[in-house]
Amino acid sequence: MDPNYKWLIAILIAIVIISVQSFLSRRANVYFGAIVPILYLVFIFGWWITRTGNVHTASLIKVAVAGTLFLLGTWVKGRESLKNKRKKEMEKMKLHDIH
């Protein structure tokens, strides 16, 4: 496979993962946002186990920590977005109750 297509596929996969994480983070159940970071860590751990000789452990740990922090940051932003959305809805409901 052409190396350019590998990068394109990797970027598309990253976009899909980030989109799914963003969507799940905005759901009413707070734990849905934990699904993708947990799957990410399981994938990284599985990668480390199967490729122990071919992967530098320090680099893998850096990737695991950075990716997990990014996904958790997306989770926090999604929760804040949901909180703000609910707050605006409550303000609209209160405004309609006044009139």
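## Briefing: helices and contacts in a predicted model

Val 55 is buried at 18% relative accessibility, where buried means under 20% relative accessible area, exposed over 50% and partly exposed in between, with a 1.4 Å probe and protein chains only. This is a predicted model, in which local features need pLDDT of at least 70 and side-chain atom pairs count only at pLDDT 80 or more, while totals for chains, interfaces and linings use all residues. Residues are numbered from 1 along each chain as its sequence is written, and side-chain values use heavy atoms, with hydrogens and water left out.

**The loop residue Val 55**

- Val 55 is placed in the loop between α2 and α3 (57-98); helices here are DSSP runs (H or I, at least four residues), as are strands (E, at least two), numbered from the N terminus.
- Apart from neighbours within four places in sequence, Val 55 is in contact with Trp 47 and Leu 60, contact meaning heavy atoms within 4.5 Å.

**Helix α1 and its buried residues**

- Helix α1 has 23 residues and reaches 33 Å from its first C-alpha to its last, close to the 33 Å expected at 1.5 Å a residue; the expected span is 1.5 Å times one less than the number of residues.
- The buried residues of this helix are Gln 21, Leu 24 and Ser 25.
- Ser 25 belongs to α1, which covers residues 3-25, and counts as buried because its relative accessibility is 0%.
- Not counting residues up to four places away in sequence, Ser 25 touches Gly 33, Thr 74, Trp 75, Gly 78 and Arg 79.
- A polar atom of the Ser 25 side chain lies 2.7 Å from the backbone oxygen of Gln 21.
- Gln 21, also in helix α1, counts as buried with a relative accessibility of 0%.
- With neighbours within four places in sequence left aside, the contacts of Gln 21 are Gly 33, Val 36, Pro 37, Leu 71, Thr 74 and Trp 75.
- An α-helix has 3.6 residues a turn, so residues three or four places apart point the same way.

**The nonpolar surface patch**

- Tyr 5, Leu 8, Ile 9, Ile 11, Leu 12, Ile 13, Ile 15 and Ile 17 form a nonpolar patch on the surface, with about 740 Å² of accessible area together.
- Patches are made of residues with over 30% relative accessible area and no salt bridge, with like charges joined within 9 Å and nonpolar side chains (Val, Leu, Ile, Met, Phe, Trp, Tyr) within 5 Å; a salt bridge is a side-chain nitrogen of Lys or Arg within 4 Å of a carboxyl oxygen of Asp or Glu.
- Leu 8, one of the patch residues, is found in helix α1 and is partly exposed, with a relative accessible area of 44%.

- Pro 37 lies in helix α2 (residues 35-50) and is buried, with a relative accessible area of 4%.
- Beyond residues up to four places away in sequence, Pro 37 touches Gln 21, Leu 71 and Leu 72.
- Pro 37 and Arg 26 are eleven residues apart in sequence, and their C-alpha atoms are 15 Å apart in space.
- Leu 41, likewise in helix α2, is partly exposed at a relative accessible area of 39%.
- Leu 41 and Ala 64 are 23 residues apart along the chain, and their C-alpha atoms are separated by 6.7 Å.
- Leaving aside neighbours within four places in sequence, Leu 41 is in contact with Ala 64 and Thr 68.

Definitions and conventions. Polar contact = N/O pair within 3.5 Å; in protein donor to acceptor, adjacent residues only side chain to side chain. Areas by Shrake-Rupley, 256 points an atom, 1.4 Å probe, with all protein chains shown as cover.
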